[in-house]
Amino acid sequence: MKPVHIADAVRINLESYLRDLGGSEPNGMYDMLVAVVEKPLLELVMQRTDHNQSKAAQWLGLNRNTLRKKLLEHKLID
């Protein structure tokens, strides 16, 4: 089985999402998509960096304070 690239997987799922709306117009797709992608990304990176926020921030190309804010928003830290 050929591996699916992330962009292709996102495109396929967005097409399915729009089809499932049955002609209704979507609202707030950008924020919805960012939220559903951001949380698993943060979870995976934090796991792979043994919860080292400095290292995770570096991997993500974020400032450590920005990473901390996002972790709090997604309730991944207290």
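Which residues in helix 1 meet which residues in helix 2? The legends below take up this contact and others in turn.

The structure is a predicted model, in which local features need pLDDT of at least 70 and side-chain atom pairs count only at pLDDT 80 or more, while totals for chains, interfaces and linings use all residues. Residues are numbered from 1 along each chain as its sequence is written, and side-chain values use heavy atoms, with hydrogens and water left out.

**View 1. Contact of helix 1 with helix 2.** Val 10, Leu 14, Tyr 17 and Leu 18 in helix 1 meet Met 29, Met 32 and Leu 33 in helix 2 (contact means heavy atoms within 4.5 Å; helices are DSSP runs of H or I with at least four residues, numbered from the N terminus). By class, these residues are 7 nonpolar, no polar and no charged (Ala, Val, Leu, Ile, Met, Phe, Trp, Tyr, Cys and Pro count as nonpolar, Asp, Glu, Lys and Arg as charged, and the others, Gly among them, as polar). The axes of helix 1 (residues 6-20) and helix 2 (residues 29-48) cross at roughly 130° and come within 13 Å (axes are lines fitted to C-alpha atoms, for helices over the stretch in contact, with angles from 0 to 180 degrees between N-to-C directions). Helix 1 is therefore oblique to helix 2 (angles under 35 degrees count as roughly parallel, over 145 as roughly antiparallel, 65 to 115 as roughly perpendicular and the rest as oblique).

View 2. Arg 11 forms a salt bridge with Asp 8, their closest N and O atoms lying 3.2 Å apart (a side-chain nitrogen of Lys or Arg within 4 Å of a carboxyl oxygen of Asp or Glu). Because Arg 11 and Asp 8 are 3 residues apart in helix 1, about one helical turn separates them. The count of salt bridges comes to 3. Just after helix 1, Gly 22 takes a positive phi of about 60°.

**View 3. Contact of helix 2 with helix 3.** The axes of helix 2 and helix 3 (residues 53-60) come within 9 Å and cross at roughly 125°; the two helices are therefore oblique to each other. Leu 41, Leu 42, Val 45, Met 46 and Arg 48 of helix 2 make the contact with Gln 53, Ala 56, Trp 59 and Leu 60 of helix 3. This contact has 7 nonpolar, 1 polar and 1 charged residues.

**View 4. Packing of helix 3 and helix 4.** Helix 3 and helix 4 (residues 64-73) pack at about 100°, their axes 9 Å apart, and are therefore roughly perpendicular to each other. Contributing residues include Ala 57 and Leu 60 of helix 3 and Leu 67 and Leu 71 of helix 4.
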